[in-house]
Amino acid sequence: MASVFLYHVVGDLTVGKPEMVELCETETMEAAIRAIGESTECGIPVWKRKSNVGMVENNEMLQQRFVGILNSLDIVAFFAKSECLEDHDKALKTPVSDVVVPNNSLLKQVDPATRLIDALEMMKHGVKRLIVRKSVVWKGMSKRFSMIYSGKWLKNIDASGSSNNLAANPNRPSSSSTSSTRDKFCCLSREDVIRFLIGCLGALAPLPLSSISSIGAINPNYQFVEASAAAIEATKKLPDDPSAVAVVEQTQDDEYKIIGEISASKLWKCDYLSAAWALANLSAGQFVMGVEDNVSSRSEYNFSVHPTAGNNNQANGGGSARPKKFSSRSIGFNPASPSLGVSRSMYRGRSAPLTCRVTSSLAAVMAQMLSHRATHVWVTQDHSDDIVVGVVGYADIMAAVTKQPASTNPAPGRTTEVAGNDTHH
């Protein structure tokens with residue numbers, strides 16, 4: 001086990017993190033769109049409203065208020081429903097509680113002195129956010145990023161005052177902080193952890209230079225939909241982690257070429273109403289490639305904003321009741337060609353899926369994810385940039401760095417596609 005996991009704590013990752021802002025489940029979807037646009041992630045935690053605003057919550061009370069995480073793909077999938085397309089104004093006023101999928105296990109509150117290895121174990125098994133109380137001020141430490149001071153482990157005190165068996169640190173502030181300070185939190189994501197780890201690559205050597213296949217970081221159990229299928233089919237069975245569906249074309253050799261993806265990270269900060277219309281009306285291939293402005297005059301690509309929702313519609317960029325044209329740029333994509341059947345070299349801009357090869361190093365994949373603010377990277381065969389064999393996500397990286405490298409390369413593969421497309425096999 002690398003010493004970086006044992007001698008660092010969660011508090012080391014909270015330096016400079018802003019105070020957490022809660023999105024209440026009673027807020028509207030329009031408010032959720034604004035919140036996710038201001039967020040540093042493509043998903044935001046949703047909370048039940050506090051029963052007593054002035055009360056200081058303990059860990060259990062805070063955990064019980066957490067509902068789930070709402071991401072950008074959830075929002076687009078909701079707006080793609082026929083009733084939402086017919087009445088945008090009503091859809092925008094829908095409470096977040098009607099859309100978010102309840103899952104209380106996606107978030108955990110931890111003490112700032114929690115070891116990094118313990119945080120990694122939580123995230124490996126499905127936790128996507130860590131809530132850390134900001135009341136603790138690290139004083140008297142000779143090293144900014146160290147959980148050992150004067151040869152003693154930092155004492156781990158939770159909100160109720162209980163502690164573990166580690167020796168107490170006399171320089172750590174007591175739990176007698178003011179209530180106004182004790183009730184402030186910051187939120188750590190898995191991206192924050194990966195960003196911290198990439199700054200500690202030397203401590204992880206030689207693992208970072210190992211191929212993702214040799215250390216078992218490739219997840220062959222990905223979801224996909226064929227380019228010719230309706231884009232809405234991707235929402236029939238959305239994977240939880242990563243929240244992404246590959247859009248593929250089948251080859252003569254019964255292999256699958258990836259041409260794009262329908263995912264939360266790709267749709268982050270997009271025009272959600274335009275993306276929803278495209279998801280409901282276009283094929284998966286057309287959706288990921290978009291339809292360029294110079295060919296979008298064809299009637300099948302024109303759509304009308306509902307008259308009652310056309311005015312002052314912040315979520316749809318302002319707009320009026322006149323027909324609008326769907327464009328790749330309206331949902332954040334900027335491809336070179338709208339035609340199916342062209343080579344993947346024609347796919348450019350944000351519509352191109354983020355890929356690596358089975359021989360890519362772990363460090364390279366981590367750097368890709370961070371530089372593109374992506375939650376995952378699709379893995380292709382070594383001899384081809386197109387044939388997809390799996391995906392690498394946050395949980396796969398965390399599992400790989402906390403275990404010994406495998407002695408043999410796993411055989412990459414694929415699973416069945418999303419519901420509705422098994423007739424193609």
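1. Two strands are taken to pair if DSSP finds at least two bridges between them. By that rule, strand S9 and strand S10 (residues 244-250) pair in the parallel sense, over 3 bridges. One of the positions involved is Glu-226, whose bridge partner in S10 is Val-248. The model is a predicted one, and the points below should be read with that in mind.

2. The pair belongs to an open sheet of 3 strands, in the order S9-S10-S11, with mixed pairing. Strand S9 (224-226) and strand S11 (256-263) are the edge strands, each pairing on one side only. From one strand to the next, the twist averages 35°.

3. Confidence comes next. The protein chain has a mean pLDDT of 76, and 68% of its residues reach 70 or more. Over residues 291-325 the pLDDT is below 50, and this stretch has 76 contacts in the model beyond near neighbours in sequence. Residues 333-350 also stay under 50 in pLDDT. For residues 333-350, the model has 49 contacts beyond four places in sequence.

4. Which residues have the most contacts inside the largest nonpolar core? They are Leu-70, Phe-79 and Ile-262, in a core of 47 residues. Helix H11 gives the largest share of this core, 7 residues. Another core, of 45 residues, lies apart from it and has Leu-207, Ile-215, Ala-374 and Val-377 among its members. As background, nonpolar side chains in soluble globular proteins tend to be buried together.

5. Leaving out residues up to four places away in sequence, Ile-262 touches Leu-73, Ala-231, Ala-234, Ser-243, Ala-244, Val-245, Val-247, Leu-279, Phe-287 and Val-288.

6. Helix H13 (residues 362-371) is largely enclosed by the rest of the structure, because 7 of its 10 residues are buried. The cut-off for buried is under 20% relative accessible area. The buried residues of H13 are Leu-362, Ala-363, Val-365, Met-366, Gln-368, Met-369 and Leu-370. These pack against helix H9 (190-198), helix H10 (201-204), strand S14 (355-357), strand S15 (376-380), strand S16 (388-393) and helix H14 (394-401).

7. Helix H9 is mostly covered as well, with 7 of its 9 residues buried. Arg-190, Glu-191, Asp-192, Val-193, Ile-194, Phe-196 and Leu-197 are the buried residues of H9. Their packing partners are helix H1 (3-6), helix H7 (116-124), strand S8 (185-189), H10, H13 and H14.

8. Some backbone geometry deserves a check. Most residues other than glycine have a negative phi, and most peptide bonds are trans. Arg-373 follows H13 and has a positive phi of about 50° although it is not a glycine. Its place is in the loop between H13 and S15. Is Arg-373 buried or partly exposed? Arg-373 counts as partly exposed, because its relative accessibility is 31% and that class runs between 20% and 50%.

9. Lys-269 is not a glycine either, yet its phi is positive, about 60°. This residue sits in the loop between S11 and helix H11 (272-281). Where is the cis peptide bond that involves Pro-206? That bond runs from Ala-205 to Pro-206, with omega near 5°. Pro-206 lies in the loop between H10 and S9.

10. Ser-283 is found in the loop between H11 and helix H12 (284-289). Its relative accessible area is 12%, so Ser-283 is buried. Not counting residues up to four places away in sequence, Ser-283 touches Ala-227, Ser-228, Ala-229, Ala-230 and Ala-231.

11. On cysteines, the number of disulfides is 0, when a disulfide is a pair of cysteine sulfur atoms within 2.5 Å. Cys-42 has a relative accessible area of 12% and is therefore buried. Cys-270 also counts as buried, because its relative accessibility is 10%.

Methods: Residues numbered from 1 in each chain as written. Predicted model: local features only at pLDDT ≥ 70, side-chain atom pairs only at ≥ 80, totals over all residues. Heavy atoms only, no water. Helix = DSSP H or I, 4+ residues; strand = E, 2+ residues; numbered from the N terminus. Axes fitted to C-alpha atoms, helices over the stretch in contact; angles between N-to-C directions. Buried < 20%, exposed > 50% of the residue type's maximum accessible area, 1.4 Å probe, protein only. Contact = heavy atoms within 4.5 Å. pLDDT = per-residue confidence, 0-100. Core = buried A, V, L, I, M, F, W, Y, C linked by side-chain atoms within 4.5 Å.
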